[in-house]
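Biologist: I would like to learn how to read a model like this one, feature by feature. Could you walk me through it?

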Amino acid sequence: MAVLASTVVGMAEIEIIKGQGILSCLGLGSCIGLCALDAQAGVAGMAHIMLPEAFADKPVDRPGKFANTGVPALIQLLEEAGASKNRLVFAMAGGARVFKFSAGTHSRMDIGARNNIAVLESLKKLNFRLRGTETGGNLGRTLTFNVETGLIRVRTISQAERDLCNLRG
Amino acid sequence: MGVEESLGLDLMQQSAIREIANIGLGNATTSLATMTGRFFNMTVPFVESVRLEALPALLGGFEQLTVGIYMKVEGDVPGYMGFLMTWESAQSLWQSLLGQCPQTLEDIDPLASSTLLEIGNIINSGFLVAIGDMTNLELRSTPPEMGADMAGSILSSIVTEASMGDFTALSIRTEIFDESHSFEGFFVYIPSNGGLQKLFETLGIATPIAEEAA
């Protein structure tokens, strides 16, 4: 069996693949892994988003870091690689709160939940919808995206890998 | 990327950080030994700066089951502190402290979680006390939080919170282990840029840190 080249998308990174290959985000905690595909052009991408919004007073060094810059940047890179905006479909996973045990009450903000909302809003603003999503909860996730088959899978520490959706389906 | 490259730390500053880690680790191992009745060693405190992205590999990979206890530090040197250990190390601690240990994540009951939260508290506080003693700066910790999950998701969640502010991508890796090496852990410290500067100023070894996009 041929082993497909696997590209790990690190924090704040955006990766684009044409043709075949596997994109993955390993061990997503509060971060979001956002997958996109133009099946006809065979162009796919994945963004590993860390935070909801870029800071107003600081230059954005890596657009993939933030939802409000990462979503448009992912789309732009896909278009540059030959994708057409009106054929793009999306799926995402992540946004968990892995520090579930606490001595007191959780006083800090839930970044995972905010990331989830921010990515949804950024997509909505551009009139995109999600084909599949699995966010929130307390479990870290690994997200894999087989570009050729369109299959997106999620696995966690305690659950076997399972299909989230198929972006070609 | 070493400390020097990322921060422009000079030799004095590197050795100050090393000394703080040395004392902090000493405090932590002493408290840990008192609490558990076990003997702990620490590595000659060779403090190194590891990119946080590199830590999952040390814990056995991004998807390796890891227990992390972290807390936010407030005061003169705000930042984040975390202590990470493999699941097997956590089980070893539970076994010696409680006489039993959870076999799966679902088995972590309130007693088990509060026990490890306290251990994390002790280790992290050892470092806080060391900094406070050396500098007279005021540092306060917030209640610790704990997670047991993939190494990547534990670490990235810490990094994400730190990356919301102006924090130095500095992490200090140290090791604490027992005689049979059934317990081993890593300590991560992420101070704010301003706080680190203040720390060096207090010690009289500050140099202007060049403005640099993180």
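Modeller: Gladly. This is a predicted model, and we can begin with strand E9 (residues 184–191) of chain B: 7 of its 8 residues are buried, so E9(B) is largely enclosed by the rest of the structure.

Biologist: Which strands pair with E9(B), and in which sense?

Modeller: Strand E4 (residues 79–86) of chain B pairs with E9(B) in the antiparallel sense over 7 bridges. Within that pairing, B:Gly79 has B:Pro191 as its bridge partner. Strand E8 (residues 176–178) of chain B also runs antiparallel to E9(B), joined by 2 bridges, and there B:Phe177 stands opposite B:Glu184.

Biologist: Let us take a helix next. How should I read helix H2 of chain B, and what is its reach from end to end?

Modeller: The general idea is that an α-helix has 3.6 residues a turn, so residues three or four places apart point the same way. In this model, H2(B) covers residues 11–36, that is 26 residues, and spans 37 Å from its first C-alpha to its last, close to the 38 Å expected at 1.5 Å a residue. Its buried residues are B:Gln13, B:Ile17, B:Ile20, B:Ala21, B:Gly24, B:Leu25, B:Ala28, B:Thr29 and B:Leu32. Just after the helix, B:Gly37 takes a positive phi of about 70°.

Biologist: Now chain A. In what order do the strands of its open sheet lie?

Modeller: The order is E2-E5-E4-E6-E8 in chain A, an open sheet of 5 strands with mixed pairing. Strand E2 (14–18) and strand E8 (130–135) of chain A stand at the edges with a single partner strand each, so one side of each has no neighbour in the sheet. From one strand to the next, the twist averages 10°.

Biologist: How do I read a core?

Modeller: As a rule, in soluble globular proteins, nonpolar side chains tend to be buried together. Here the largest nonpolar core has 110 residues, and A:Leu34 and A:Cys35 have the most contacts inside it. Helix H5 (residues 110–135) of chain B gives the most to this core, with 10 residues. Beyond its neighbours up to four places away in sequence, A:Cys35 touches residues including A:Met46, A:Phe90, A:Ala91 and A:Leu167.

Biologist: Why is A:Ala91 classed as buried?

Modeller: A:Ala91 is buried because 24 other C-beta atoms lie within 10 Å, where the cut-off is 20 or more. A:Ala91 is found in strand E6 of chain A, and among its contacts beyond four places in sequence are A:Leu130, A:Gly132, A:Ile152 and A:Cys165.

Biologist: Finally, how many residues does each chain put into the contact between A and B?

Modeller: Chain A provides 26 residues and chain B 29 residues. On the side of chain A, strand E3 (22–28) and strand E7 (101–102) give two or more residues, with E3(A) giving the most, 3 residues. That side divides into 15 nonpolar, 9 polar and 2 charged residues. E7(A) also pairs with strand E6 (residues 145–150) of chain B in the antiparallel sense over 2 bridges, where A:Ser102 has B:Glu145 as its bridge partner.

Key. Residues numbered from 1 in each chain as written. Chains lettered and ligands numbered in written order. Predicted model: local features only at pLDDT ≥ 70, side-chain atom pairs only at ≥ 80, totals over all residues. Contact = placed C-beta atoms within 7 Å. Helix = DSSP H or I, 4+ residues; strand = E, 2+ residues; numbered from the N terminus. Nonpolar A, V, L, I, M, F, W, Y, C, P; charged D, E, K, R; others polar. Pairing = 2+ DSSP bridges. Core = buried A, V, L, I, M, F, W, Y, C linked by C-beta atoms within 7 Å. Buried ≥ 20, exposed ≤ 12 C-beta atoms within 10 Å, placed from the backbone. Axes fitted to C-alpha atoms, helices over the stretch in contact; angles between N-to-C directions. Expected span 1.5 Å × (residues − 1).
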